[in-house]
Structure formats: structure tokens, C-alpha cells
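The questions below go through one protein model, from the whole chain down to single residues. Each answer ends on the value or name asked for.

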Amino acid sequence: DIIVKADVQGSVEALVQSFMGIKSDEVRIAVVHSGVGGITESDVMLASASNALIIGFNVRPDANARALAEKDGVDIRLYRVIYDAIDDVKSAMAGLLAPTVKEILLGHAEVRQVIHTPKVIVAGCYVQDGKITSNSMIRIVRDGIVVHEGKIGSLRRFKDDVKEVTEGFECGIAIESYRDVKEGDQLEAFRLEEEVAEL
């Protein structure tokens, strides 16, 4: 059983059609729910009740959904490439999964102010939980939709470059080769680790 959430209706339809087209003698895929937008608490509740896997394409779970998924042991798989999602589901059905790259979430920050300088755009942020490190990857989420993923160009506290900024503190973040930051954007700092996959 699968729940599909994606950034636009076209992606939802493409994924659902692809999943329904996967044939196997032993395993049958049922899409119990599909929709556009971020992954919510109600998606996780439905997944928990129907013992389903949540597949997210270009979307993220909100804080409540994340907490509930952890509590209820609901598996949320997030993708940026449609074929990766399809391949993983096929592999899971075959009982074979290559090592996956696991994402370790480090922390969240909210953009409170956008500072324009001639060279870079600096996001004035408040770290809501965890920490942001200068060598972490960063993801920009706007209304539950992923708008950019990339590297941190610089991380500052006041005028100083720093290695990390922890929960409850403010900082300035410049994102490498990206300028379209808006007030209210949510930033997720993460790093990637390879691990043996299982569904």
C-alpha cells in the first residue's frame, strides 16, 4: 500500500500510473491516497492505519507529520527524481534494494529577513531546532514544496564566519549560486550517508 504526495498534479499522475504499471506475481501495489502538496499529519495517520508507505516527490513532511511518523513507525520516502521512486518500489517488490543514501536531518531555520548585497543574497535566519553547520547541505522549502537544494556558501554570526549555529540563535546564510530566497522560507540543513537499504 502506497500514499503518493507530489508538488504538482502532473507528477502525482505520472507516479500513480507508473506504480500501477509495475507487475509482479507475488506483490500487488495499491495506491490508497494521492494528492498535491506537503506531507501532513493526516497523510501519516492514513499510512499508519493502512500500513502504507508514503512516497513524496519534491515535497517535505511538516514538523507534526515528521513527529507522528517517527512515533508510529511510518516510512516516508522522499524523492527528487521520479525514476528513483519507481526503481525503489520495483526493487522493494523484488526484495532487493541497493544501498541507499540516507539523509541525516541536522536542523531547521526560518528566513526572517533577506539582505541583498552586490555579490550574494544573505538569508537572515532563526534556527528553530537542531543546528546549521557550514558544511551541511541546505534545502529551501516554501509552503511544503522544495524550491532548491544546494550547498551553504557562508554561515555567519554577526560579522564572523562560523562552523555551526545552534537552536535559538540567529545567523546569516548565503546559499551557493542561488538568490531567490524569500522571507518565511523554511531551511533544512542535512548531510548524506550511504547505508544498506531496507523497506
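**Questions on the model**

Q: Where is Phe158 found?
A: This is a predicted model, in which local features need pLDDT of at least 70, side-chain atom pairs count only at pLDDT 80 or more, and totals for chains, interfaces and linings use all residues. Residues are numbered from 1 along each chain as its sequence is written, and side-chain values use heavy atoms, with hydrogens and water left out. Helices (H or I, at least four residues) and strands (E, at least two) are DSSP runs, numbered from the N terminus. Phe158 is found in the loop between strand E8 (145-157) and strand E9 (160-161).

Q: Is Phe158 buried or exposed?
A: Phi of Phe158 is near 55°, a positive value in a residue other than glycine. Buried means under 20% relative accessible area, exposed over 50%, and partly exposed in between (1.4 Å probe, protein chains only). The relative accessible area of Phe158 is 75%, so Phe158 is exposed.

Q: Is Asn58 buried or exposed?
A: Asn58 also has a positive phi, near 60°, and is not a glycine. Its place is in the loop between strand E3 (53-57) and helix H3 (63-72). With a relative accessibility of 14%, Asn58 counts as buried.

Q: How many helices and strands are in the protein chain, and why is the chain as compact as a globular protein of that length?
A: The protein chain has four helices and twelve strands. The globule rule gives 16 Å for 199 residues, and the chain is as compact as a globular protein of that length because its radius of gyration is close to that value, at 18 Å. The radius is taken over C-alpha atoms, and the rule is 2.2 Å times the number of residues to the power 0.38. The counts asked for are four helices and twelve strands, and the radius of gyration is 18 Å.

Q: Among contacts between residues at least 6 apart in sequence, what percentage join residues at least 24 apart?
A: Contact means heavy atoms within 4.5 Å. Of the contacts in the protein chain that join residues at least 6 apart in sequence, the share joining residues at least 24 apart is 66%.

Q: How far apart are the mean positions of the positive and negative charges?
A: Lys and Arg count as positive and Asp and Glu as negative, while His and the chain ends are not counted. Each charge is placed at NZ of Lys, CZ of Arg, CG of Asp or CD of Glu. For the 23 positive and 33 negative charges of the chain, the mean positions are apart by 6 Å.

Q: Which side chain joins that of Glu188 in a polar contact of 2.9 Å?
A: Glu188 lies in strand E12 (residues 186-195) and is buried, at 4% relative accessible area. A polar contact is a pair of N or O atoms within 3.5 Å; within protein, one must be able to donate a hydrogen and the other to accept it, and residues adjacent in sequence count only if both atoms are side-chain atoms. Not counting residues up to four places away in sequence, Glu188 touches residues including Arg66, His108 and Met137. The partner in the 2.9 Å polar contact is Arg60.

Q: Which side chain is joined to that of Arg60 by a polar contact of 3.1 Å?
A: Arg60 is in the loop between E3 and H3, and its relative accessibility of 8% makes it buried. Beyond four places in sequence, the residues in contact with Arg60 include Gly38, Leu78, Gly144 and Glu188. The side chain at 3.1 Å is that of Glu103.

Q: With which side chain does the side chain of Thr133 make a polar contact?
A: Thr133 is in strand E6 (residues 121-133) and counts as buried at 9% relative accessibility. Its C-alpha is 5.6 Å from that of Lys163, 30 residues apart in sequence. The polar contact of the Thr133 side chain, at 3.0 Å, is with the side chain of Asn135.
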